[in-house]
Amino acid sequence: MSLTAFNQLQDVVVVGAGVIGLSAALSIQQRLPKSSIVSVVASEFPCPSPIQGHNTAETASADYASMWAGAHYRPIPYMPQSAYAEQNLSQHQQKFHDQLAQEKQLAVRTAKIMKDIAQQFPESGIQIVPAEEYLETPPQENLLLKTGDVYASGDDCFRVLDRTELTALNHKTASRHEDEIKWACSYETYVVNVHVYCGWLLHRFLSNGGKTITRNLGSLADAFTLGIAKNGSQTPLLVNCSGRNFDTDPATKIIRGQTVLVRNQYNKTITRQCADGTWSFLIPRPLNGGTIVGGTKEIGDDETHARPETRNKLLENATHYFPDFVKDMKDFDIVTDNVGRRPWREGGLRIVVEKPEDGRTVVHGYGAGGRGYELSWGAAEKICDLVLKCLQGEDEVMVKL
Ligand SMILES: Cc1cc2nc3c(=O)[nH]c(=O)nc-3n(C[C@H](O)[C@H](O)[C@H](O)COP(=O)(O)OP(=O)(O)OC[C@H]3O[C@@H](n4cnc5c(N)ncnc54)[C@H](O)[C@@H]3O)c2cc1C
C-alpha cells in the first residue's frame, strides 16, 4: 500500500500496552508516514522482572496478562477440514478447528518474526530453544501428525518420538499405564523473557517517536476524548488492544494461571499434558531470567493471590516429570509466584473494524487467551492492515477472525 495514498495527517491511538498492543503500535508506526503520531494509552505498562529484585505483584495487576505469561510458543494442532466427516465432528468442533487453522497462520508468521528478532537482537529477551511435548491423552489431531510436518514453523525440525523412545520416557518417570505418555514430539521453538521483551518493544516504539499516556479508562469511548490528536477537530482512530474489551463482550472470560518463577536455569521448554487434564511445563527465560514452572488453567477463577498448595503441586510435579531439571524440592531456588488472568474469548482473537457512531472508528484486537505472544506479530499485521484501510477511507473493510 502506497503511503502517498494518505492525504492528511493521520494519528492513531492504541489502547493497551500488552504484547498485542505494543506489537500493533509498532507495526502501525512502521507503515504510517513519519508525520503521523501513534500513541499508546494504558493503565499499565511493562515493568521489570522479579528476578532483578522487583516485586511484579506490586507493579502489575493480574489483569495485565502480558506480565505473567511463561512465555513459550507451543503449537495447537487442528483437524484438517477433509477429516471432519470421517471424525464425525459437531458444528461446534468444526468451528473450533477452523479457528485453530486461522490461528496457525498467525502463529507461523509470528514464529518467523520472533526468530528473526532472536537472531538480530539477542537483548530483546527472545531465544530459540529445543522443545518437547509429552501427552498422556493425545487428541486425534496430534496422532495424525508425522515427522517433518510443519508444526511450529517451516524450519522447526519437527519429529514424532517412536515407540522405543516413549518406552524409555515412561520408564524414566515410572509411569503406570493410565498416566503413561502415549504421544511425544520434539521441535524447535522460541521462548520469551516477557519483562525484557515488552520493555524492548516499548523502547523501540518510543525511540521511533511514539507517545504514551498512562490512564485508567472507564470505557473504550473515553479514549476518544483524550485530546491526543494534533488537529483538535480530528477524531483519532482507536485500536482496542485492551485484552478483555473492558468486559463488555459476553464472549470473553478470564482463565487464571498460576506458575512459579525459579532461579534454576533450564535450557529447553518441556510440556506434559496429564490424563487428569492438568499440565506441567518448564519455560526457561532468556538472559538468565530463571525458569517458569507451571502451570494452571482455571476458567473463571477470580483468585488473584497465589495458592500455596498449587505452588507445591507444580514444583512436586516438576521434580517427578522432569528430574533432569531439579530432582528434589529443596533444590528449587524460588523467586516468586505468578498469578495472571488470560483474556480468553470464545471464537478466539477478535480482529475486526467497528464504527460505533459519529464517524468514529475502532479496530479491535483483543481476546488472545493463552496465546498472546505466539500470535502477536501475525495479529499485529492484521490489525495494521485494517487500520491502513480505515485511514484510506475504505468503507468495506473486512471482518475476519
Ligand atoms: C500464567 C500465564 C501463562 C501464559 N503463557 C503464555 C505462553 O506461554 N505463550 C503465549 O503466547 N501466551 C501466554 N499467556 C497468554 C498471554 O499472556 C496473553 O495472551 C497476552 O498477554 C495478552 O496480551 P494483550 O496485549 O491482549 O493483553 P494484556 O497483556 O492483558 O494487556 C492489556 C492492556 O490493556 C490495558 N487496559 C486494559 N483495560 C484498561 C482500561 N480500562 N484503561 C486503560 N488501559 C487498559 C492494560 O493496562 C494493558 O496495558 C499466558 C498467560 C498467563 C496468565
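**Briefing: cores, aromatic pairs and selected side chains**

The largest nonpolar core comprises 69 residues, and Tyr-197 and Val-239 have the most contacts inside it. A nonpolar core is a set of buried Ala, Val, Leu, Ile, Met, Phe, Trp, Tyr and Cys residues joined through side-chain atoms within 4.5 Å. The model is predicted: local features need pLDDT of at least 70 and side-chain atom pairs count only at pLDDT 80 or more, whereas totals for chains, interfaces and linings use all residues. Residues are numbered from 1 along each chain as its sequence is written, and side-chain values use heavy atoms, with hydrogens and water left out.

- A second, separate core holds 21 residues, among them Tyr-134, Ala-184, Cys-274 and Leu-282.
- Leaving aside residues up to four places away in sequence, Tyr-197 touches Val-19, Met-114, Ile-117, Ser-124, Ile-126, Val-192, Tyr-373 and Trp-377, where contact means heavy atoms within 4.5 Å.

**Aromatic rings and charges**

- There are nine aromatic pairs; rings of Phe, Tyr and Trp (its six-membered ring) pair if their centres lie within 6.5 Å, and planes under 30 degrees apart count as stacked, over 60 as edge-to-face and the rest as tilted.
- The pair Tyr-73 and Tyr-190 is tilted, because the ring centres are 5.5 Å apart and the planes stand at 35°.
- Tyr-73 lies in the loop between α2 (56-59) and α3 (84-87) and Tyr-190 in strand β5 (residues 183-192), so this pair ties together parts 117 residues apart in sequence.
- Tyr-73 and Tyr-190 are both buried; buried means under 20% relative accessible area, exposed over 50% and partly exposed in between (1.4 Å probe, protein chains only).
- Phe-121, Tyr-197, Trp-200 and Tyr-373 form a cluster linked by ring pairs.
- The charged end of Arg-204 sits over the ring of Phe-121, 4.8 Å from its centre; the criterion is NZ of Lys or CZ of Arg within 6 Å of the ring centre and within 35 degrees of the ring normal.
- Lys-297 lies over the face of Trp-279, at 4.1 Å from the ring centre.

- Arg-256, in strand β8 (residues 252-262), counts as buried because its relative accessibility is 0%.
- The side chains of Arg-256 and Gln-258 are joined by a polar contact of 3.0 Å; such a contact is a pair of N or O atoms within 3.5 Å, where within protein one must be able to donate a hydrogen and the other to accept it, and residues adjacent in sequence count only if both atoms are side-chain atoms.
- Gln-265 belongs to the loop between β8 and β9 (269-273) and is partly exposed, at 38% relative accessible area.
- The side chain of Gln-265 has a polar atom 3.0 Å from the backbone oxygen of Arg-285 and reaches the backbone nitrogen of Gly-290 at 2.8 Å.

**Helix α6**

- The buried residues of α6 (residues 163-172) are Leu-166, Leu-169 and Asn-170.
- These residues cover an arc of only 95° around the axis, so they lie on the same side of α6; the arc is that of the directions from the helix axis to the C-beta atoms.
- The buried residues of α6 pack against β3 (126-135) and β5, whereas the face turned away from the buried side carries the exposed residues Thr-164, Thr-167, His-171 and Lys-172.
- Asp-162 caps the N-terminal end of α6, with a side-chain oxygen 3.2 Å from the backbone nitrogen of Thr-164.

How values were computed: Helices (H or I, at least four residues) and strands (E, at least two) are DSSP runs, numbered from the N terminus.
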